[in-house]
Amino acid sequence: MNQRIQVLKDKMLSCPRYVSIEQALIITQTYKDHENESVQIKRAYSLYNALNQIEIGIEPEELIVGNRTKGVRYGVVFPESGISWVDKEFETIPTRPQDKFNVHPEDIQTFREVILPYWKGKSLEDDVKADGKIGAISTVVKINQTDHAQGHICPNVVEWLETGPAGYISKINQKLENCNDSKKIEFYQSAILVMKGVQNFMNRYATLASEMGKEDVAQICHNLSQRPAQTFHEALQSLWFLMVVLHMESNASSFSPGRLDKALYPYYKKDKEELLINDEEALELIECLWLKFNQIVYLRNAHSAKYFAGFPIGFNIAVGGQDENGNDYSNELSHLLIQAQEEVGLPQPNLSVRLHENTNEALLEHAVRCVSKGSGMPQFFNDKCLVPALEKLGISKTDAMDYAIVGCVEITTQGNNLGWSDSAMFNLCKVLELTLNHGKCLITGKQLGPDYGSLSTYTSFEELEDAFEKTMDYFIDKMIECCEKVEKGHQDHLPTPFLSCVIDDCIEKGMDVVNGGARYNLSGIQMIQVANLADSMAAIKKMVFDEKRISAHDLEYALQTNFEGQEILRQTLLNRVEKYGNDIQWVDELGSKWASAFREKLKKYTNYRNGPYHTGMYTVSAHVPMGQNVGASADGRLSQTPLADGGLSAVYGRDLNGPTAVLKSVSRLENQCTTNGGLLNMKFLPEFFSTQSGIEKFANFLRTFVDLEIPHIQFNVVSKQDLLAAKAHPEQYSSLTVRVAGYTAYFTELAGDLQDEIIARTSYDKI
């Protein structure tokens with residue numbers, strides 16, 4: 001990392017985070033000025049005005065410029081999406097347990113006097129939560145996207161680079177010439193307006209850069225406003241403008257650039273061949289871009305911050321994989337992208353490596369050495385299982401072969417898909433709790449679900465399973481109803497003309513992406529948490545029904561009282577029953593059975609855009625707050641303690657047979673259950689990577705991961721002692737990053753309960 005990058009990195013990390021209401025004021029005034037026009041037009045003018053009016057800045061050392069606020073890592077208030085929660089929480093945002101932001105007191109006053117009165121009762125949040133149905137199921141299902149726009153999408157980066165805003169204006173004008181449909185005309189007019197705003201935004205940066213004497217940067221920004229990118233530097237700058245504008249339009253997380261070693265390679269190769277750039281200069285530009293990826297964070301409400309802790313904005317970049325013919329794909333740029341992560345070592349972008357049976361050794365070993373640096377990156381995805389699973393979902397072979405990742409671990413096609421991959425999180429463990437307790441919550445005593453009986457009334461394990469399935473069906477029905485309400489709310493409140501331009505088929509159809517304009521219209525539901533479910537089911541089956549070592553009445557009472565005075569019984573459940581993650585087939589298959597059942601049940605539903613639902617198995621950081629919703633469980637877990645991390649991972653401390661046994665257990669899960677993403681967390685000690693032999697063993701371990709057709713794996717490489725020291729002395733470890741779930745975050749910025757869960761995860765010193 002050279003001096004320029006170090007200076008920029010230090011500047012960024014030293015900047016305090018603030019809540020920003022600047023864009024909210026622009027949006028509010030715009031809506032007032034266009035009161036009688038459609039939401040589509042209001043949204044377009046809101047983005048256009050923000051692009052023209054938002055305060056901008058450039059650091060003297062920057063080679064890649066642009067941001068959605070002048071300050072870095074600012075949290076933006078976005079009134080169309082959600083305003084009520086901001087009103088309730090504004091004063092407490094600086095002191096809340098997770099994801100704090102500073103607040104200017106005068107902004108609170110302006111917010112309450114200018115912004116809130118106009119938006120009260122008008123936002124997406126007010127609309128979708130009005131009937132209370134989302135809140136009624138919140139201890140079992142977390143419905144997402146209720147107070148912010150939809151992200152989790154990979155735009156058509158290649159087309160954007162080859163077209164630019166001027167090219168899109170020309171393309172849309174051609175569609176307008178022979179269009180007689182009023183709705184399509186309105187869509188096209190809004191799209192042209194926002195593209196003109198993007199041109200102005202680029203030229204504003206050109207002017208500022210020129211005023212600062214940065215003529216090269218100024219010329220690049222001006223060029224991009226008029227024509228497509230032509231050089232590697234222009235391509236990187238164009239890509240960053242795309243990401244910034246997407247965030248300004250939607251204020252959502254997880255807009256991902258996709259396979260950048262493919263998209264950017266023609267520009268890199270051309271510049272290298274023409275001797276316009278060398279690898280040292282290319283790496284510096286990439287690292288400048290890497291720093292920009294860390295300058296955008298997302299302001300969530302306090303509840304959501306627990307589920308998405310550590311600002312996981314989700315700029316996911318994939319390298320490696322295969323080409324359209326199934327041949328191994330990587331190039332010099334793949335290695336430069338990995339090297340940038342090695343040197344910069346920050347949480348963003350979320351770097352991913354696609355592996356397959358014929359991944360070349362050089363790329364694999366480079367990726368392993370990057371893992372050994374301890375930043376939690378890259379994570380790994382498995383073409384061998386993911387490509388066929390995507391095809392079974394209805395994705396074309398061509399698009400499946402070119403898959404990318406959005407956000408944490410969500411699988412997507414590139415440039416043609418509104419995957420809505422973060423629709424909801426379904427707590428299977430809470431469903432089991434209600435099944436065992438007459439539909440009542442163990443924590444509050446409230447009747448949350450139907451009463452099909454309790455553990456002491458079921459006469460067989462099969463009868464219990466039947467009741468579990470009925471309870472699951474009950475909450476799935478309610479979940480789907482809420483998901484449809486949210487999607488309709490997005491159509492009513494949050495059309496996105498800019499995003500629609502960079503998603504295939506929207507311009508051709510003259511249809512906004514939120515209305516179904518994309519080629520693929522999926523919705524993804526996360527299952528939480530198969531490891532605890534399998535362990536609990538196994539304990540009940542073995543101890544209560546098969547061996548009858550514990551009476552159903554005694555276990556039911558122990559669960560109701562959180563094992564008070566029942567420590568021997570709890571230790572029996574913990575230590576005398578086989579656990580998921582140890583290559584015990586009958587236990588693993590209990591988890592697989594119910595994950596597959598949940599997946600099959602979703603097949604009978606279609607989403608509000610008439611697309612299919614599918615499933616994922618990852619938690620972000622939801623295993624902590626969702627665990628707080630679950631009482632004591634039959635696996636010996638105490639009430640309100642965290643569930644297993646990841647989604648495919650074993651419960652921490654229960655995977656006693658080593659990392660290969662974990663892989664064998666996970667391999668028994670049906671891959672069709674993870675087309676929306678699956679997450680396997682592992683933690684290795686740093687000394688494992690201290691020798692070439694260790695590096696090679698780890699590479700072979702990843703080859704086994706591919707052979708076993710496991711969709712995903714990621715690693716923390718850190719010692720327990722370092723984590724304990726960081727918790728005790730955060731000021732000394734401010735740059736320590738860890739893998740939380742499908743993303744990396746600063747360890748010292750995580751709430752204490754999440755820090756404790758990460759510390760408790762099993763560490764491996766051998767394979």
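**Exercise 1. Which residues lie nearest the centre of the largest pocket, and which elements give two or more residues to its lining?**

Start with the lining: 28 residues line the largest pocket, and Lys-129, Thr-146, Asn-301, His-303 and Ser-304 lie nearest its centre. Next, the elements that give two or more residues to that lining are α4 (84-89), α7 (133-136), β3 (141-143), α15 (302-307) and α28 (623-628). Helices (H or I, at least four residues) and strands (E, at least two) are DSSP runs, numbered from the N terminus.

Before going further, a word on the source: this is a predicted model, where local features need pLDDT of at least 70, side-chain atom pairs count only at pLDDT 80 or more, and totals for chains, interfaces and linings use all residues. Residues are numbered from 1 along each chain as its sequence is written, and side-chain values use heavy atoms, with hydrogens and water left out.

Now the terms. A pocket is found on a 1 Å grid over the protein atoms alone, as an open set of points where a 1.4 Å probe fits, with protein on both sides within 12 Å along at least five of seven lines; lining residues have an atom within 4 Å of a point. The volume of the largest pocket is about 470 Å³, taken as the space filled by probe spheres set on the points, which are joined across faces, edges and corners.

**Exercise 2. Which element gives the most to the lining of the second largest pocket?**

First, get the setting: this pocket holds about 320 Å³ of space. It is lined by 16 residues, with Gln-40, Lys-183, Glu-186, Asp-512 and Asn-515 nearest the centre. Then look at the elements: α3, α9 and α21 each supply at least two lining residues, and α9 gives the most, with four. By class, that lining has four nonpolar, five polar and seven charged residues.

**Exercise 3. Check the length of α3, then find what covers its buried residues.**

Helix α3 (residues 39-53) has 15 residues, so it should span 21 Å; its end C-alpha atoms are 20 Å apart, which agrees.

Now list the buried residues (buried is under 20% relative accessible area, exposed over 50%, partly exposed in between; 1.4 Å probe, protein chains only). In α3 these are Gln-40, Ile-41, Lys-42, Arg-43, Ala-44, Ser-46, Leu-47, Asn-49, Ala-50 and Leu-51. Gln-40 is also one of the residues nearest the centre of the second largest pocket. The cover includes α2 (22-33), α9 (182-211), α11 (232-250), α21 (461-493) and α22 (497-501).

**Exercise 4. Which residues touch the most other members of the largest nonpolar core?**

The general idea: in soluble globular proteins, nonpolar side chains tend to be buried together. A nonpolar core is a set of buried Ala, Val, Leu, Ile, Met, Phe, Trp, Tyr and Cys residues joined through side-chain atoms within 4.5 Å. The largest one has 204 residues, and Phe-232, Phe-426 and Met-479 touch the most other members. Its largest share, 14 residues, comes from α9. Apart from this core lies another, of 43 residues, including Cys-385 and Tyr-618.

Zoom in on Phe-232: leaving aside neighbours within four places in sequence, its contacts (heavy atoms within 4.5 Å) include Leu-264, Tyr-267, Ile-286 and Leu-333.

**Exercise 5. Where do the cis peptide bonds from Met-377 to Pro-378 and between Ile-528 and Gln-529 lie?**

Take the proline first: the Met-377 to Pro-378 bond is cis, with omega near 0°, and Pro-378 sits in the loop between α17 (361-372) and β7 (379-382). For the other bond, omega is about 5°, and Gln-529 lies in the loop between β13 (523-528) and α24 (530-546).

Methods:
The expected span of a helix is 1.5 Å times one less than its number of residues. Ala, Val, Leu, Ile, Met, Phe, Trp, Tyr, Cys and Pro count as nonpolar, Asp, Glu, Lys and Arg as charged, and the others, Gly among them, as polar.
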